[in-house]
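Colleague: I want to know what stands behind each term you use for this structure. Please show it to me first.

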Amino acid sequence: MPRSTYQRLLGFVGKLAVLLILGFLVLPVAVVTIAAFNDRAILSFPPQAWSLRWFAKAIAYQDFRDGFRNGLVVTVWASTIALMVGAMFAYALDRYRFRFKKGIEGILLSPLVIPHFTVGLGFLILAAQVGWTRGYAVVVFCHVVLVLPFVIRSVYVSLRNLDQSYELAAASLGAPPSRVLLTVTLPLLLPGLVSGWLFAAILSFNEFTASLFVTAQRTQTLPVAMYNYVREYADPSMAALSVMYIVGTAVLIVFANAFLGLGKVLNIEQSR
Amino acid sequence: MNNLADSRNGTASSGDDIAVRFDAVTKRFGDATALREVSLSVRSGEFMTLLGPSGCGKTTLLNLAAGFFSPDGGEIRIDGARVNDVPTYRREIGMMFQNYALFPHMSVAENIAYGLKVRHIAKKERDRRVEEVLALVRLAGMAGRKPRQLSGGQQQRVALARALVISPKVLLLDEPFSALDKNLRASMQVELREIQRKLKVTTIFVTHDQGEALSLSDRVAVMSDGRIRQLGTPEEIYRRPCDRFVASFVGDANVLRGRLDGFDGAHSTVAVGTARVKVPEAPLRGVALSTPVDLFVRPEQLKIAEICAPSAFGGRVAAQVYQGGHVDLYIECAQSASDRLLVRSAGQDAMTRWPVGAEVGMIIGIDDAVAFPVP
Ligand SMILES: Nc1ncnc2c1ncn2[C@@H]1O[C@H](COP(=O)(O)OP(=O)(O)OP(=O)(O)O)[C@@H](O)[C@H]1O
Ligand SMILES: [Mg+2]
């Protein structure tokens, strides 16, 4: 069938729009990446000479090393706790009826109506009351609260997509509820659980605003360390760090994709 | 395969004891009543079919037997024991789901072994029984595959094997064949019935396909609107429907307008035009003479005769359809409730004997039709 000029025009404009959007998405990444390999000390563009020295400097810088380690500790704890709490919550939301269910559902599933700095400030005040301002606990708790909605949502969607007949079949074969949960429900939910954990981990590791309030010098996470650095220096080691960030996240996603399939990780596909 | 069969015979030997009994079972969902005081007894080893249109409560009744929810009234017994409050996993049932519900993260063998594992049966014995049942459903050699690597028919057999391997007290099947294409469906039906006979497992089968119900079942319960309308053998259901609903839902039926003409013992006589047709008396009991009645007659019970034959009523052939094994004749007739009657003639000469436009007579033998008062 011959396409009309109108259709062709529409197709062209559509392609252009997609290219532009992709361009804007990629542009900052590209600029930062190029800057990271710049030999000069100032964040100039385009670079005159290339080198890896900013990577070396970023890796060697003690505050970044500590921030990275702190961030990992906080992220692993926060996303694991959030996954356990969130999974239980999602399960309860999906399977049981109780009072105020709609309200609780609304609060837990509405992402970030409350600004991060409010959460951070709140936790700071609370922590000051009980004298916890110097420890990891307050950072971890703060991050749990921030990532919980994402985890709940991820697990909840997987539960919704889970065909109930699998569990009924297991029960009909003689499996008591606990066994059904362990041998059928959880394995079938695994993609949702992993993707929930992964999102939580990425969010937590990148979280800055609330972390700024609740971390101390000893517990500061990488984004906070980067902020403190950039207040004093302006050299491309920040850009180098950003590139490592991007590569790290990409590796994680590729790994998850190979393990589970991206569709499942992003919860696009039905979980069967 | 003797092992599976024996374990069945151990619990149920005589032919007439009741394996599953529903006693005045009522089930509501919110305001809607899905089942109204349904009573039904399924004999040991029997193949019982629940047949009815969509929404009549078939699945609900089956799920009550499975224990997926409990009834709002009445009692359910399996092997004599009241199970109203017994959870599914302690009911010793085998269930096959419409979408098969094979565990996607387990292999065929693991799927089948699941129920045995739950029962703490030793690995060696487990493997032996899995192999045995795989042979029974003709899937030997497929043990290591994942469900998604199987065709629809193969998945279905795995689901059947998984339900059977635990030697359930009752096998519950909810429209198991609806996802299969026509040819595969026919062969799976035969296979299911053979296996069911071999193992003598009590079976409750849900379908809305009347052909399937008639061809597979020992007995059929025809349901509508949360009630059982008629319970009987396929032949009883087909030949002696007890009301208009069953007569029109099960099989093809022509409807003729007539009048009640008289009684004689076991029969009533219905006048159709100039003809007199003898029908079973029961559905017309208490109806006054000359009351208008509707006569339901199957296409193959309507016989073409000479127009002048005694007790024949007339019509004109409007169309012929050659069907290979038989010929469908469409006949215009003054007494027909719809515009044409369908006559199924097995004779190969029907095409030439009764060409389009021919005036023909039709006769109905004694008890070959049933009549119900016009509502
Ligand atoms: N979980 C439920 N919640 C509310 N209503 C239900 C539920 N299950 C069934 N019903 C209602 O009960 C009635 C009977 O449903 P059921 O599923 O038993 O019908 P069915 O005979 O199996 O129909 P189909 O042939 O379409 O499967 C229907 O009116 C249905 O809407
Ligand atoms: Mg149904």
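**Two domains, two chains**

Modeller: Chain B is assigned domain 1 (4-92 + 168-244) and domain 2 (252-373). Such bounds come from an automatic or database domain assignment. This is a predicted model: local features need pLDDT of at least 70, side-chain atom pairs count only at pLDDT 80 or more, and totals for chains, interfaces and linings use all residues. Residues are numbered from 1 along each chain as its sequence is written, chains are lettered from A and ligands numbered from 1 in the order in which they are written, and side-chain values use heavy atoms, with hydrogens and water left out.

Colleague: How do you know how far apart the C-alpha centres of domain 1 of chain B and domain 2 of chain B lie?

Modeller: The value is computed from the model: 34 Å.

Colleague: What makes residues of domain 1 of chain B count as in contact with domain 2 of chain B?

Modeller: Contact means heavy atoms within 4.5 Å. By that rule, 8 residues of domain 1 of chain B are in contact with 11 residues of domain 2 of chain B. The two domains bury about 910 Å² between them, with 42% of it on carbon and sulfur atoms. B:Tyr238, B:Arg239 and B:Arg244 supply 64% of the area that domain 1 of chain B buries against domain 2 of chain B, more than any other three residues. Buried area is the accessible area (1.4 Å probe) that two parts lose on being put together, summed over both.

Colleague: Why is the meeting of B:Arg240 and B:Asp367 called a salt bridge?

Modeller: The rule asks for a side-chain nitrogen of Lys or Arg within 4 Å of a carboxyl oxygen of Asp or Glu. The side chains of B:Arg240 and B:Asp367 meet at 3.2 Å, N to O, so the pair qualifies.

Colleague: Which helix gives the largest share of the side of domain 1 of chain B that touches domain 2 of chain B?

Modeller: Helix H8 (residues 234-239) of chain B, with 3 residues. Helices (H or I, at least four residues) and strands (E, at least two) are DSSP runs, numbered from the N terminus. By class, that side of domain 1 of chain B has 4 nonpolar, no polar and 4 charged residues. Here Ala, Val, Leu, Ile, Met, Phe, Trp, Tyr, Cys and Pro count as nonpolar, Asp, Glu, Lys and Arg as charged, and the others, Gly among them, as polar.

Colleague: Now the two chains. How many residues of chain B are in contact with chain A?

Modeller: 21 residues of chain B are in contact with 19 residues of chain A. The chains bury about 1,700 Å² between them, 70% of it on carbon and sulfur atoms. B:Tyr89, B:His105 and B:Tyr114 supply 32% of the area that chain B buries against chain A, more than any other three residues. Strand E6 (93-96) and helix H3 (108-118) of chain B each give two or more residues to the side that touches chain A. H3(B) gives the largest share, 4 residues. That side of chain B divides into 13 nonpolar, 5 polar and 3 charged residues.

Colleague: What makes up chain A?

Modeller: Chain A has 12 helices and 0 strands. Its C-alpha atoms fill a box of roughly 75 × 70 × 30 Å, taken along the principal axes.

Colleague: How do you know how confident the predictor is in chain A?

Modeller: pLDDT is the predictor's confidence in each residue, from 0 to 100. The mean for chain A is 85, and 90% of its residues reach 70 or more. Confidence in chain A is lowest in helix H12 (residues 262-265), at a mean of 50, and highest in helix H7 (residues 164-172), at 94. Chain B averages 89.
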